[in-house]
Amino acid sequence: MELPAALRQGVEQALAGVAPADLARAAARLSQRYRAELRDGSFHIGDEGAALAYLATRLPATYAAVRAALEQVAIARPDFAPASLLDVGAGPGTVLWAAVDCWPDLDEALLVEASAPVRGWGERLTQTGPIARVDWRAADFSQGLPETPPRDLVTAAYVLDEIGAEARRALIERLWALTRGVLLIVEPGTPAGFARILAVRQQLIAASAHLLAPCPHQEACPIVAPDWCHFSRRVARSRVHRLAKGGEVPWEDEKFAYVAAARMPVPDKAARVVGPPRQAGGRAWLKLCRPDGTLAEQLFTRRDGDAYKAARRARWGDRMLIEK
Ligand SMILES: C[S@@+](CC[C@H](N)C(=O)[O-])C[C@H]1O[C@@H](n2cnc3c(N)ncnc32)[C@H](O)[C@@H]1O
């Protein structure tokens, strides 16, 4: 998945004068903080070096994950056409770019971000796009969100790991109250990230939300440890990204977990492909989470006709409308 051209150019300009060794050092420090899920009272993106490292090494991957999750929201609810966005923990504005790419009629956004260095880059990157009406707000949401009207689309991507469980619950409650249409939460596709998504899922069901994606039902989640529900997007690594990471491989697979919930029920329930599909000699296996709340590794053969054709085309994360 590619970044929108204007965003890619903005990021390239931001990184143009940065010494590769400095970027690599900052990227290593940032990645170590994320891996450790460190909560030491300071933001991971706490200085200019970390902000630049984020642009180089994390933004393309979080963009790809968020864009993929939004795609599934759009597929599940083709009638949803958000005009406004509230995004918290906006970082450099990743979600805004992905949301406008998905829904070009979106034309107003409030982006809340506490860390000044990354917010500064977000403001610069959004000066020339993707929409004119963007309000960047310097606020720490653990102290409560600014007073603001509800928005059609409300999001928090790769944010919950930076705050404690109590603050998380309060944040989700407030975000749902501010959601007119759809609330989307995205987290890293690790067991810990999935555990946070599961807690959000339970909280939203208790608040009478309608799950939109990836879950095809509101029953207890059938995916239990050591398994975890997550998805994957392949992301091309730019030259500067490879320099910062010290790696030669021109791509990486970004693993992510998410939950999207809506005010309105989903028109049709469809199974979800929750693992990489397998195929061999006229047979296709899909790991499906199904509308009746069950999880199954289902085999499709040529005898299944259209369902087999659909199974052969299916990708990890897709909805499967046709069942056997
Ligand atoms: C991993 S970044 C994700 C940025 C962006 N959402 C993305 O997907 O690329 C998490 C962001 O949340 C911000 N953040 C964390 N805790 C916050 C808080 N209490 N209030 C406001 N922003 C916060 C951090 O400063 C950081 O920019």
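Predicted model: local features only at pLDDT ≥ 70, side-chain atom pairs only at ≥ 80, totals over all residues.
Helix H7 itself runs over residues 191-206. From first C-alpha to last it reaches 23 Å, close to the 22 Å expected for its 16 residues. Its buried residues are Gly193, Phe194, Arg196, Ile197, Val200, Arg201 and Leu204. They cover an arc of only 155° around the axis, so they sit on the same side of H7. In general, an α-helix has 3.6 residues a turn, so residues three or four places apart point the same way.

Serine 208 has a positive phi of about 65°, although it is not a glycine. With 10 other C-beta atoms within 10 Å, serine 208 is exposed.

Tyrosine 158 also has a positive phi, near 55°. Tyrosine 158 is in the loop between strand S4, 151-157, and H6. Is tyrosine 158 buried or exposed? It counts as buried, because it has 23 C-beta neighbours inside 10 Å and the cut-off is 20 or more.

Next, the cis peptide bonds. One joins glycine 129 and proline 130, with omega about 0°; proline 130 lies between helix H5 and strand S3. Another joins alanine 213 and proline 214, with omega about -5°. Proline 214 is in the loop between S6 and S7.

Last, the ligand. Of the 23 residues around it, Gly89, Gly91, Thr94, Ala114 and Ser115 come nearest. The shell has 14 nonpolar, six polar and three charged residues. H3 gives the largest share, three residues.

Methods. Residues numbered from 1 in each chain as written. Near = placed C-beta within 6 Å. Helix = DSSP H or I, 4+ residues; strand = E, 2+ residues; numbered from the N terminus. Nonpolar A, V, L, I, M, F, W, Y, C, P; charged D, E, K, R; others polar. Expected span 1.5 Å × (residues − 1). Buried ≥ 20, exposed ≤ 12 C-beta atoms within 10 Å, placed from the backbone. Arc of directions from axis to C-beta.
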